[in-house]
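Here is a short report on one structure. Keep the sequence and the 3D view open as you read.

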Amino acid sequence: MSAVPAPDPEITPDPEPDPDTGAGRYIGKRVRRKEDPRLLTGRGQFVDDIVVPGMMHVAFARSAIARATILSINTVGAREVPGVHAVYTQKDLARFKVDMMNFFFISPEVEITPLANGRVAYVGEPVALVIADSRHIAEDGASLVEIEYAEEDPVVTIADARRGPPVHPGTNNNIAAQMGEEAIDEDLDALLKRAPYLITHKVVHQRISQSPMEMRGIVAVRDGSEELTLYITCQSPHVVARWTSLALGLPQTAIRVIAKDVGGAFGLKNHPWKEEVAVILAALEFGRPLKWIEDRYENLIAANQAREAEMVLKVAFDANGKLIASHGDYSCNNGAYPQLVDCNIAVQMFLWAAYKMPAYGFLARGWYTNTVGLAAYRGPWAMESLIRETALDVAARRLGLDPIEIRRRNLVTLKDQPTTSCMGIPLEDITPAECLDKLLENFDVAAFRQNQKAARKKGRYLGLGIAAYIEPTGSAGSIVTMTGELAQVHIEPTGKVTATMSTHSQGHGTATTMAQIIADRLGVAYEDVTVFEGDSSRGGFSPGAAGSRQGVIAGGAAIMASDLLAAKVKQLAGHLQGASPEDIRMEDGMVHVEGAPEKSRSLRSIAEIAYGEPDRLPPGFEAGLEAQYRYQPPPMTLTSAANACVVEVDAETGFVKILRWISAEDCGTTINPAVVEGQIAGGLAQAIGMVLLEEMAFDARGNPTAATYKDYLLPAISDIPDFEFVHASTPSKSVGGMRGVGEGGAIIGPPTLVNAIADALAPFGEVPVELPLTPAKLLSVIERRNIAAAADHATPAATGPDSSRASPEG
Amino acid sequence: MSKHHVEMTINGRRHAGDVEARVSLSDFLRGDAGYTGVHVGCEHGVCGACTVIVEGKAVRSCLMLAVQADGAQVTTVEGLAAPDGTLHPVQQVLLDEHALQCGFCTPGVVMTLAALTNDAQKPSEAQLLAALSGHICRCTGYQGIRRAAKKLAGAARGKS
């Protein structure tokens with residue numbers, strides 16, 4: 001056999017080799033993704049691709065009113081449409097008692113029903129469900145459902161919620177959740193008041209549509225009385241199965257959830273919500289398989305949304321720019337039926353975790369309103385980095401300090417650790433300061449400042465934004481849903497390797513990264529490893545994609561299970577070859593005996609014996625070559641990063657052009673740099689959307705004003721620059737040394753870009769951080785008059801998609 | 001709703017069907033002809049996921065009715081790779097450049113690039129990027145898509 005392996009066709013040549021991360025043959029390499037050939041040739045399997053015999057189609061009649069009592073629902077006209085088979089309202093589904101639990105399997109405090117139960121609480125709330133031969137006919141039917149309302153004035157904004165009548169009957173006020181102190185602690189107040197410098201900084205974050213390109217959808221199939229098969233676009237088939245079993249009270253029903261390919265999720269698809277549950281109940285009631293595929297109009301107005309928060313942060317500094325104390329007052333708009341009633345405590349926990357902040361106090365409240373409820377979105381607690389990092393830049397300008405210097409004076413460095421943050425977060429190996437150093441090795445700040453000065457003289461406004469952060473990833477053990485990961489690895493009798501895992505990819509490429517790990521640990525070719533996922537009947541419970549966890553935890557599970565299996569191979573091969581297991585080496589799909597090249601044999605021949613010739617196995621050896629391991633990682637693994645971006649703001653138009661963007665992140669061992677950079681880039685693009693473009697707004701009557709992608713502006717290729725990546729790669733304490741990287745770009749991106757814009761426009765004064773920073777808002781700063789208010793009353797053309805996409809990227 | 005008989009050649013095979021006038025080409029291709037690689041992302045012509053090639057031109061199949069494609073030559077993403085599975089050059093470049101994550105927008109990106117580079121055309125990088133600005137990708141931040149466009153552009157043979 002050849003000692004030198006042939007060049008691997010699956011590995012993309014990498015002009016600049018990645019730094020050594022303890023890499024094997026595949027770990028650390030830009031291996032081509034296993035998912036891509038089927039997705040590139042149109043052979044993926046998304047939920048709308050599922051066709052089941054006897055399947056019928058569902059459309060919803062939805063509320064056009066934000067807040068009302070339903071006086072009557074007339075379904076006669078809908079039922080008369082040829083091809084319409086049934087029209088259900090909540091009354092028809094009331095025999096099913098559904099507990100609309102949150103992601104942590106906790107019951108809601110207010111009544112939530114799949115279809116509206118006598119009242120509507122947001123525009124788009126499903127009121128009736130129509131079953132028909134085709135989606136077209138179902139929509140025809142839905143359009144003929146007549147709903148009579150007694151309309152009431154809606155509670156739309158956080159300000160409305162503070163003073164308006166309760167959204168939910170039987171509650172005293174609109175506070176959905178509250179933590180912290182109503183009145184600021186006296187000692188903290190004294191620290192703030194005595195400080196040489198006190199910054200009061202406000203951030204208003206708009207509401208966001210997660211906007212996965214594949215909208216929500218489900219095919220619900222009742223098989224007999226005790227089996228339920230769900231095809232659903234989701235983030236974890238296991239979570240959907242567990243949630244459905246508990247929420248519907250179906251412990252005796254065999255629930256199987258299948259989701260092979262999912263077209264993005266970003267926090268929206270953690271578990272079923274009103275529409276999906278209504279379809280499941282209707283399928284149980286009607287007895288035929290039902291399909292509902294959300295269209296984009298429904299997705300934009302009626303799918304759960306994200307963010308919409310405002311916060312005021314006070315930060316006290318000493319004369320040297322060192323942090324003394326801080327206080328935050330946070331509010332978020334939960335909407336009517338949030339997936340998670342929430343005041344976002346993680347914002348408070350992580351706000352100052354990466355900084356030497358002696359004292360912090362807060363008040364955090366979540367408010368009910370007559371808008372569609374919130375769900376998660378990549379880095380749900382991202383407000384902490386946005387407000388902290390933008391406040392630090394405001395402070396730097398006030399104190400006359402360089403924004404880099406103010407961070408260096410306050411960031412927790414490796415030398416400061418181990419330590420514990422003022423909110424009790426243990427810190428052992430975070431590296432935001434080291435990431436900042438690495439970032440600056442790749443960016444000449446002094447040269448930029450010279451350019452900036454020269455440009456300003458010519459009326460051109462360049463800005464540099466810097467931000468640093470840490471992020472909790474791979475959490476396990478403290479929340480019921482957030483568990484470890486199971487890996488089951490088999491060396492098949494063919495000598496090929498299959499793994500059954502509970503990872504789930506909505507673009508994450510877990511079938512690729514897990515195969516890289518397993519191939520390395522078992523000494524087989526990457527092509528010879530197949531990872532099966534996306535089916536709750538395989539593997540064990542796992543929350544799938546949630547909280548930047550799969551690389552960390554499933555990666556550890558893949559390593560542990562593979563190592564158990566390798567030990568088994570070595571025991572068997574040693575027995576067969578008369579050698580010690582320690583002398584067995586697995587490489588290139590072969591099993592070698594050290595010092596005895598003539599004894600090398602294929603893994604397949606060992607596997608055939610393991611499965612088929614029990615007489616040749618060592619005493620007590622379990623037949624077959626299979627192993628499984630459930631990896632329980634450390635409770636939390638922290639990822640660090642520092643980013644820089646350079647922008648130019650056009651003082652005539654208020655348009656922002658991003659000229660350069662560098663990400664220096666420390667996600668420990670990098671399994672596949674292309675996958676890691678893809679995660680970061682995707683998060684940064686979403687950050688750019690949040691800062692410049694996206695806005696899910698409502699008018700005073702609670703009507704969503706963005707109902708198409710002509711109104712809700714997603715970043716296009718022309719809005720996103722080339723990102724430059726620097727990897728710090730400090731191995732974590734989890735098995736394999738990985739750190740999560742799924743959410744970071746969406747967390748550190750917004751403050752980086754806002755700081756760059758604020759730096760560019762510093763000659764005109766401070767830029768209020770009210771996202772999105774539209775051209776009209778920036779012109780209001782530049783021209784010192786309220787153009788944004790005027791633009792609100794003008795045609796959308798002022799901030800329209802055509803004008804914002806006219807310029808090519810920098 | 002009136003029914004209309006339509007016939008078209010899809011990926012080299014003849015397909016016929018009776019459709020209501022309101023049925024979009026995308027729904028016909030997915031539902032009637034079974035080409036589920038045609039992805040419907042917005043149904044109002046913004047996201048580009050449903051792009052197919054009709055008579056040599058990239059078309060948003062959600063904005064075209066099936067009856068309008070009567071008699072047309074249609075290519076979907078399923079029709080690009082060679083019968084032996086060899087990927088179309090556009091597919092290969094996107095694979096090499098890690099230009100996709102969830103893959104939902106990908107068929108549209110593939111078809112636009114395939115239409116613009118068909119018959120050994122070498123559009124400029126600016127032309128390709130302008131066309132790609134009509135495709136929304138929520139996952140990748142467009143990094144790999146842009147690298148792929150650069151590779152496919154005329155600049156590969158010299159500056160355009």
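## A residue in a loop

Leaving aside neighbours within four places in sequence, which residues is Tyr355(A) in contact with? They are Leu323(A), Asn410(A), Leu411(A) and Val412(A). Keep in mind that this is a predicted model.

Tyr355(A) sits in a loop of chain A, between helix H10 (345-350) and strand E15 (360-368). Is Tyr355(A) buried or exposed? A residue is buried if 20 or more other C-beta atoms lie within 10 Å of its own. Tyr355(A) has 23 such neighbours, so this residue counts as buried. Now look across to Ile208(A). In sequence, Tyr355(A) and Ile208(A) are 147 residues apart. In space, their C-alpha atoms are 28 Å apart.

## A sheet of four strands

Next, find the open sheet in chain A. Four strands form the sheet, in the order E18-E26-E27-E28, and their pairing is mixed. Strand E18 (461-473) and E28 of chain A stand at the edges. Each has a single partner strand, so one side of each is left without a neighbour in the sheet. From one strand to the next, the twist averages 15 degrees.

E18(A) and E26(A) run antiparallel and are joined by 13 bridges. Gly465(A) has Cys645(A) in E26(A) as its bridge partner. A helix also packs on the sheet: H13 (residues 432-441) of chain A. H13(A) touches E18, E26, E27 and E28 of chain A, and its direction makes about 40 degrees with that of E26(A).

## Following strand E27

Strand E27 of chain A covers residues 656-666. How many of its eleven residues are buried? Eight are, and the strand is mostly covered. In a regular strand, side chains alternate between the two faces of the sheet.

E27(A) pairs with strand E26 (residues 637-649) of chain A in the antiparallel sense, over ten bridges. Ser640(A) stands opposite Asp666(A), which belongs to E27(A). The two strands form a hairpin with six residues between them. In the turn, Gly654(A) has a positive phi of about 80 degrees.

E27(A) also pairs with strand E28 (residues 723-727) of chain A. Here the sense is parallel, over five bridges. One pair to find is Ser663(A) and its bridge partner in E28(A), Phe725(A). How does the chain get from E27(A) to E28(A)? The path goes through helix H18 (residues 673-693) of chain A, and this β-α-β crossover is right-handed.

## Chain B on its own

Chain B has five helices and five strands. Along the sequence, their pattern is β-β-α-β-β-β-α-α-α-α. The C-alpha trace of chain B spans about 50 × 30 × 25 Å along its principal axes.

Why does chain B agree with a compact globule in its radius of gyration? With 160 residues, such a globule would have a radius of gyration near 15 Å, and chain B has 16 Å. Buried residues make up 59% of the 160 residues in chain B. Take the contacts in chain B with a separation of 6 or more: 58% of them join residues 24 or more positions apart.

## Where the chains touch

The contact between the chains takes 46 residues from chain A and 44 residues from chain B. On the chain B side, helices H2 (89-96), H3 (106-116), H4 (125-132) and H5 (143-152) each supply at least two residues. H2(B) gives the most, with four residues.

What kinds of residue make up the side of chain B that touches chain A? They divide into 23 nonpolar, 14 polar and seven charged.

Terms used: Residues numbered from 1 in each chain as written. Chains lettered and ligands numbered in written order. Predicted model: local features only at pLDDT ≥ 70, side-chain atom pairs only at ≥ 80, totals over all residues. Buried ≥ 20, exposed ≤ 12 C-beta atoms within 10 Å, placed from the backbone. Pairing = 2+ DSSP bridges. Right-handed = clockwise from strand over helix to strand, strands pointing away. Contact = placed C-beta atoms within 7 Å. Nonpolar A, V, L, I, M, F, W, Y, C, P; charged D, E, K, R; others polar. Rg over C-alpha atoms; globule rule 2.2 N^0.38 Å. Axes fitted to C-alpha atoms, helices over the stretch in contact; angles between N-to-C directions.
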